[in-house]
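Me: I'd like to learn how to read charged pairs and nonpolar cores in a model. Could you walk me through them?

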Amino acid sequence: MSNALFVLDQLIRTVDSELMADDKKQQPNILVCIADGSEDLEAVTIIDVLRRTGAVNVTVATVGGKAQITASRLTKIAGDATLEDVTKANTKFDMICLPGGMPGAANLGDDKTLMQLITDHLANPKFVLAAICASPAVVLSQHGLLKGLPATCYPADKFKQMLKDNGAVYQAKRVVIAQSTSNALIVTSQGPGTALEFSFVLVQLLLGYKAANTIANAMLTLFGLDYVDQINELKSKNNEK
């Protein structure tokens with residue numbers, strides 16, 4: 001390769017890298033919070049599916065001050081940062097995701113820093129809060145975040161009752177999408193067996209149905225059109241405000 005062609009090649013590579021960096025800055029920022037006792041499959045499924053898109057920035061934050069957590073089935077999961085590090089960076093997130101599991105959900109709900117972060121973000125009408133399994137009941141409902149809203153959770157009587165006692169409207173569905181008073185969306189789901197569907201819904205909310213369906217097909221599974229009309233309606237309402 002001549003010197004001129006070499007210089008041109010390096011210039012093109014530099015421009016491409018800068019463009020990719022700019023694109024990355026524009027990608028949605030997602031925070032997945034994990035703690036000792038978080039449900040293994042749910043946590044990893046959410047992280048995996050979101051990262052497969054290649055179009056969102058996913059930060060896995062450990063709650064409890066440790067760099068690594070021990071999940072409910074004893075899987076060791078290392079975070080990208082502690083929640084304290086995340087809050088110091090003052091990053092604004094488009095979505096915060098909470099896997100379930102016990103005592104993981106209790107550990108998340110007991111963390112004042114996390115709950116303040118969630119409360120602050122819920123003021124943004126474009127924000128999405130997502131929780132699965134025990135977390136809708138143990139984290140969200142017990143902090144008054146589901147009052148008057150439809151929601152689902154792991155269908156154990158104690159969790160369903162917790163939702164009802166805290167003003168939520170329990171629905172026996174795999175995934176439920178609700179709109180808060182600030183117009184932020186709150187997505188809840190039932191458990192390990194619904195973790196894939198839940199994660200595909202999150203991709204659809206962030207990137208559209210085509211992106212979610214493409215990921216599902218690549219994983220050799222199916223993702224139907226069940227949520228398209230509801231999501232389009234909710235987004236349309238938000239755009240009108």
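Me: Which residue forms a salt bridge with D157?

Reply: Start with the general idea: side chains of opposite charge can pair when their charged atoms come close. In this predicted model, the partner of D157 is K160, with 3.8 Å between the closest N and O atoms. Both belong to helix α7 (residues 157-165), where a spacing of three residues puts about one helical turn between them. D157 is exposed, at 59% relative accessible area.

Me: How many salt bridges are there by this rule?

Reply: The count is five. One of them joins D48 and R52, at 2.4 Å from N to O. These two sit four residues apart in helix α2 (residues 40-52), again about one turn. D48 is partly exposed at 29% relative accessibility, and R52 is partly exposed at 45%.

Me: Now for the cores. Which residues touch the most other members of the largest nonpolar core?

Reply: Among its 39 residues, they are I30, L50, C97, V187 and V201. Helix α8 (residues 195-207) contributes the most, eight residues. Leaving aside residues up to four places away in sequence, V187 has contacts including V128, V175, F198 and V201. Another core lies apart from this one, with 38 residues, including L98, L122, L146 and L163.

Methods:
Residues numbered from 1 in each chain as written. Predicted model: local features only at pLDDT ≥ 70, side-chain atom pairs only at ≥ 80, totals over all residues. Heavy atoms only, no water. Core = buried A, V, L, I, M, F, W, Y, C linked by side-chain atoms within 4.5 Å. Buried < 20%, exposed > 50% of the residue type's maximum accessible area, 1.4 Å probe, protein only. Contact = heavy atoms within 4.5 Å. Salt bridge = Lys/Arg side-chain N within 4 Å of Asp/Glu carboxyl O.
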